[in-house]
Amino acid sequence: MSRPPDPRALLRQQQIELPSWAFGNSGTRFKVFAQDGIPRDPYEKIADAAQVHRYTGVTPTISLHIPWDAVDDYHELAEHARVNGVSIGVINSNTFQDDDYRLGSVCHPDPAVRRKAIDHLLACVDIMDTTGSRHLKLWFADGTNYPGQDNLTSRQRRLSAALDEVYARLSDDQRLLVEYKLFEPAFYATDVPDWGTAYAHCVRLGPKASVVVDTGHHAPHTNIEFIVAFLLGRSGLGAFDLNSRFYADDDLMVGAADPFQLFRIMNEIVAADAVTPDSGVLYMLDQCHNIEPKIQAVIRSVMNVQEATAKALLVDRAALATAQSEGDVLGANGILMDAYNTDVRPLLRDLREDMGLDPDPIGAFQRSGYLEKVIDERVGGQAAGWGV
């Protein structure tokens, strides 16, 4: 077999965006578990995210969630991020927490509620203008719980009208990311339940709209790498929300439940030459760390993505193409498995040292004293958390 190119050049360019909400208190639907030293505002969330970038070197942006991360002065927030060595990334909208949205937001039968939801989305674009963000991510909890509750076709028309208005508001360098989710909180019919629905809306909108694949938003045993390959082949993949699930939308550390699935997904990404930012695909974490320490858990997720990517970059593409063209089933599968079973941790330790980083990011953070410092400083006030 031929020798694959050295993966370190591409790994050095890889970027993974962090979610602000990963640094707040979270839990199950029954209980939110509080931890010491949790950020109390978006400024402190950004400071924590900057720590992850300090020790991994590949997380230069942080996603904001509005209104969870609402502030009076977004210019000031963006400058705070810059001073901390990071920048504002994707702006995430929220059309699922107000009482008005009980029957939906942009798909609601009441035009006044739809207007409220659309105005919020347009306000998020205003925030993009101010912070320099280039991406607006839309996830709609809209749907119905019972047959006959609403007209499904009418709901799709309402959704299209809302997307049209937001899309028209974007500047030339801004993009719309449409996320989908199989179920929850709508249990009978979710209005954007799958990649096909999201993709159809994006195709209709135009080239500034693309699909977000959340790895936890699928039915059991769904072949996510097929979805990834299909969308990549049609320039329809805009971003990932990377997490892990055992049962439903568990939002666990990426790669925790099925590291082989993460490798298979990254294999399709490498095959499409879509690892680095110039591919136009964003790689973001979307996780809630309920019982584990926040910053360390985010670092672990980043490392898991790096390991899966490194293994995918070790696949001998020339040998794989030959085996596939010859119908060599076992040979082709063996080439993938050889890469997956390679221990890439020494390679990544060497890469971090070459980048001037500690080869052990979690250990370096734990030794830094940062956590003890913020536990002492962040006394009083309202700790950030899910929905806060």
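Guide: A residue counts as buried when its relative accessible area is under 20%, and the structure to which we shall apply this cut-off is a predicted model.

Visitor: Is L170 buried or exposed?
Guide: L170 is found in the loop between helix 5 (152–169) and strand 8 (175–179). Leaving aside its neighbours within four places in sequence, L170 is in contact with V125, R175, L176 and K208. Its relative accessibility is 6%, and because the cut-off lies at 20%, L170 counts as buried.

Visitor: How is H120 classed, as buried or exposed?
Guide: H120 has its place in helix 4 (residues 111–131), and, when neighbours within four places in sequence are left aside, the residues it contacts are I66, S93, N94 and T95. Since a value under 20% is what the class requires, the 16% relative accessibility of H120 makes this residue buried.

Visitor: Which residue of strand 6 stands opposite I91?
Guide: Strand 5 (residues 87–92) and strand 6 (residues 135–138) run parallel and are joined by two bridges. The residue in strand 6 that stands opposite I91 is L136.

Visitor: Are helix 8 and helix 9 parallel or oblique to each other?
Guide: The axes of helix 8 (residues 259–271) and helix 9 come within 8 Å and cross at roughly 55°, and the crossing is right-handed. An angle under 35 degrees would count as roughly parallel, while 65 to 115 would count as roughly perpendicular. The two helices are therefore oblique.

Visitor: How many nonpolar residues belong to the contact of helix 8 with helix 9?
Guide: Helix 8 brings L262, F263, M266, N267 and V270 to this contact, and helix 9 brings N304, V305, A308, T309, K311, A312 and L313. When these residues are divided by kind, three are polar, one is charged, and the nonpolar ones number eight.

How values were computed:
Residues numbered from 1 in each chain as written. Predicted model: local features only at pLDDT ≥ 70, side-chain atom pairs only at ≥ 80, totals over all residues. Heavy atoms only, no water. Pairing = 2+ DSSP bridges. Helix = DSSP H or I, 4+ residues; strand = E, 2+ residues; numbered from the N terminus. Axes fitted to C-alpha atoms, helices over the stretch in contact; angles between N-to-C directions. Parallel < 35°, antiparallel > 145°, perpendicular 65-115°, else oblique. Left-handed = near helix turned anticlockwise from the far one by under 90°. Contact = heavy atoms within 4.5 Å. Nonpolar A, V, L, I, M, F, W, Y, C, P; charged D, E, K, R; others polar. Buried < 20%, exposed > 50% of the residue type's maximum accessible area, 1.4 Å probe, protein only.
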